[in-house]
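Subject: The two-chain model, with notes

Hi there,

Here is the model I promised to pass on to you. Have a look at it first, and my notes on what turned up follow below.

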Amino acid sequence: MSASVAPPRSISMTFDELKGLVSDRAFSGETLLLNMGPQHPSTHGVLRLLLELDGERVVSCVPDIGYLHTGIEKTCESKTYTKVIPLTDRMDYLSPMSNNLGYVMAVEKLMGVEVPLRAQFIRVILCELQRIASHLVWLGTHAIDLAAMSMLLYCFREREMILDIFEMVSGQRMMASYFRIGGLWRDVPEGFEDAVRQFMSLFPSHIDEYEALLRNNPLWLSRTKGIGAISGQDALAMGMTGPGLRGSGVNWDIRKAEPYSGYDHFEFDVPLGENGDVYDRYWCRMQEFRQSLRILDQALKKLPKGPTITDDRKVAPPPKEELAWSMESLIHHFKLWTEGFSPPPGEVYVSVESPRGEFGCYINSDGSPKPRRVHFRAPSFANLSALPSMAKGVLVADVVALIGSIDIVLGDIDR
Amino acid sequence: MSDPIAATLQARFGDAITGVVEFRGETTIHVRPDAIAGVCAFLRDDEAASYDFLSDVSAVDVWPDEPRFQINYHLYSMTRNTRLRLKVSVRDGQSLPSVTGVWPAANWFERETYDLFGVKFDDHPDLRRILLPDDYLGHPLRRDAPLVVEEVEFTYNYDEVEARKPYAKE
């Protein structure tokens with residue numbers, strides 16, 4: 001096997017390569033080129049920015065990504081459809097449930113499988129818990145970037161309760177891989193509803209606590225209000241989705257626009273900002289906490305009884321006890337765990353509203369048990385591509401606020 | 001045919017629209033490479049279409065079939081709440097027009113496609129690698145690219161593999 005990686009080269013870019021990325025003033029020394037990251041705590045992972053500064057003002061901003069690229073899309077092509085599920089957790093590691101959901105829904109659409117209502121509702125409950133957990137990490141880290149140290153401790157305290165619920169249902173705190181094609185791995189255990197209810201009874205007072213700390217805090221307001229504003233039209237053109245887009249006043253939430261997994265059974269509002277600045281994006285996510293609680297409450301009340309995975313034996317394995325007496329079940333079990341199943345040739349694109357925006361999953365099948373191509377439309381990827389236009393003209397300290405406000409996860413961006 | 005826009009496109013662009021496929025309720029419109037930017041601009045600006053949002057651009061390698069690369073554009077219309085997929089097929093080495101002029105969002109998506117597949121987009125403002133290092137050779141998402149490029153070292157063949165590595169010679 002011949003290695004196809006060229007000998008390493010100097011990491012710094014040459015002047016020629018910089019042309020077109022930064023203004024001509026950088027070459028005469030009039031402006032300063034500053035490297036930010038990849039090992040910088042406020043870049044939320046391994047994001048590197050090349051900033052061109054005129055004094056303290058940003059003239060241009062060139063993001064450099066790929067430090068966390070793991071080739072997940074390539075790896076998917078060598079796995080059966082079921083075995084791809086754990087890979088999806090590891091992209092956006094703060095919202096693995098949403099990633100699972102986007103992927104399994106795409107395969108279900110490809111196979112034409114119906115998911116039992118109970119499984120759909122449990123999926124919604126877990127995804128909304130995930131949204132809260134993800135927003136908590138965002139709030140904690142965003143606030144600590146802007147020097148509100150205590151927020152992180154409060155937020156992680158509440159997130160712990162959600163991770164405990166995930167551990168309860170799946171055995172894993174973060175990489176749950178709990179969803180299966182056609183339903184769920186198994187039904188939720190006893191005590192699940194009580195645990196969610198307990199969280200729901202405690203959490204509203206905690207939201208009040210966060211807001212009490214931040215809402216009227218002059219430092220917080222001066223660091224967020226009017227910073228990095230982007231108009232709804234620009235945000236749309238740049239491909240921004242999720243609270244980043246809704247902060248600019250564009251009313252688009254996939255849960256409302258194209259209801260999936262039973263979201264049309266629930267009543268909730270889509271919080272919208274007006275100015276599209278850091279504060280409005282913060283405000284939108286704070287309101288989403290309460291909306292997620294509303295959905296949780298309705299989903300628990302309406303949670304039907306019944307199976308949690310489809311009875312289509314070509315997709316989902318039979319119950320274990322059936323293997324003892326049914327030859328057919330044994331064959332299905334064997335086929336599923338050795339060869340997998342073969343969807344018809346074709347392609348589907350399914351998108352879900354992840355905590356960060358539109359998480360899309362494109363699958364191209366050639367009729368074999370392994371996908372020909374799986375592509376993930378990562379919300380953070382598109383949101384980050386809008387950063388250069390938002391960062392133009394802001395202070396270098398506000399770049400930190402901006403990165404926090406678009407809530408990127410580098411695992412999601414680099415895949 | 002569920003989306004009436006397919007008929008409109010066929011009437012307007014004639015043989016630049018090479019096919020319309022329906023699968024699982026999704027409409028795919030095959031477009032000739034040279035017409036893609038025009039079709040996209042029309043779909044964005046036309047009142048009846050108003051596809052104002054570009055969700056995603058990605059590619060599929062159907063190697064060993066030819067033309068081997070299929071570029072997919074996933075569009076979404078905020079006002080009509082519908083989705084549409086445009087598909088362009090290109091051969092290896094053949095470039096196609098960029099749609100960054102229509103939706104700025106295409107910038108990074110096209111860079112990613114170029115990086116992982118080696119498909120070039122004409123008139124792209126900044127067509128550099130995005131996820132992989134600048135000095136990476138090849139395009140890993142091609143079907144004929146190996147899944148594992150670097151040899152794995154074990155205790156019994158450590159020296160042997162190490163001697164083959166590019167930097168070992170210096």
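**The sheet of chain B**

In chain B, E3(B) and E4(B) run antiparallel and are joined by 8 bridges. Before going further, please keep in mind that this is a predicted model. One residue pair to find by eye in that pairing is B:Val60, which stands opposite B:Gln70 in E4(B).

On to the next neighbour: E4(B) and E5(B) also run antiparallel, with 9 bridges between them. Here B:Phe69 stands opposite B:Val90 in E5(B). The hairpin made by E4(B) and E5(B) has 4 residues between the strands, and B:Asn81 in that hairpin takes a positive phi near 55 degrees.

E5(B) has a parallel partner as well: strand E2 (residues 26-31) of chain B is joined to strand E5 (residues 82-90) by 4 bridges. If you want a landmark there, B:His30 stands opposite B:Lys87 in E5(B).

Put together, these strands belong to an open sheet of 5 strands in chain B, in the order E1-E2-E5-E4-E3, and the pairing is mixed. At the edges are strand E1 (17-23) and strand E3 (53-61) of chain B, each of which pairs on one side only. From one strand to the next, the twist averages 20 degrees.

**What lies over the sheet**

Helix H2 (residues 36-45) lies across E2, strand E4 (69-77) and E5 of chain B, and runs at about 170 degrees to E5(B). Helix H3 (residues 106-117) lies across E3 and E4 of chain B, at about 10 degrees to E3(B).

How many of the 9 residues of E4(B) are buried? The count is 8, so E4(B) is largely enclosed by the rest of the structure.

**Two cis prolines in one loop**

Please look closely at the loop between E3 and E4 of chain B, where B:Pro64 sits. The peptide bond leading from B:Trp63 into B:Pro64 is cis, with omega near 10 degrees. B:Pro67 lies in the loop between E3 and E4 of chain B too, and a cis peptide bond joins B:Glu66 to B:Pro67, with omega about -10 degrees.

**Where the two chains meet**

The contact between the chains takes 42 residues from chain A and 38 residues from chain B. On the chain A side, several elements each supply at least two residues, including helix H4 (96-111), strand E7 (357-365) and helix H14 (379-385). Which element of chain A gives the largest share of the side that touches chain B? That is E6(A), with 5 residues. Sorted by class, this side of chain A has 18 nonpolar, 13 polar and 11 charged residues.

Helix H5 (residues 117-145) and helix H16 (residues 396-406) pack at an angle of about 175 degrees, with their axes 9 Å apart. That angle makes H5(A) roughly antiparallel to H16(A). A:Thr141, A:His142 and A:Asp145 of H5(A) make the contact with A:Val400, A:Ala401, A:Gly404 and A:Ser405 of H16(A). The residues of this contact divide into 2 nonpolar, 4 polar and 1 charged.

A:Ala147 has a positive phi of about 75 degrees, although it is not a glycine. Its place is in the loop between H5 and helix H6 (149-170) of chain A. Is A:Ala147 buried or exposed? A:Ala147 counts as exposed, because it has 11 C-beta neighbours inside 10 Å.

A:Ser261 is not a glycine either, and has a positive phi of about 50 degrees. A:Ser261 sits in the loop between helix H11 (254-257) and helix H12 (278-302) of chain A. With 22 other C-beta atoms within 10 Å, A:Ser261 is buried.

Best wishes

How values were computed: Residues are numbered from 1 along each chain as its sequence is written. Chains are lettered from A and ligands numbered from 1 in the order in which they are written. This is a predicted model: local features need pLDDT of at least 70, side-chain atom pairs count only at pLDDT 80 or more; totals for chains, interfaces and linings use all residues. Two strands pair if DSSP finds at least two bridges between them. Axes are lines fitted to C-alpha atoms, for helices over the stretch in contact, and angles run from 0 to 180 degrees between N-to-C directions. Two residues are in contact if their C-beta atoms, placed from the backbone, lie within 7 Å. A residue is buried if 20 or more other C-beta atoms lie within 10 Å of its own, exposed if 12 or fewer, and partly exposed in between; C-beta atoms are placed from the backbone. Angles under 35 degrees count as roughly parallel, over 145 as roughly antiparallel, 65 to 115 as roughly perpendicular and the rest as oblique. Ala, Val, Leu, Ile, Met, Phe, Trp, Tyr, Cys and Pro count as nonpolar, Asp, Glu, Lys and Arg as charged, and the others, Gly among them, as polar.
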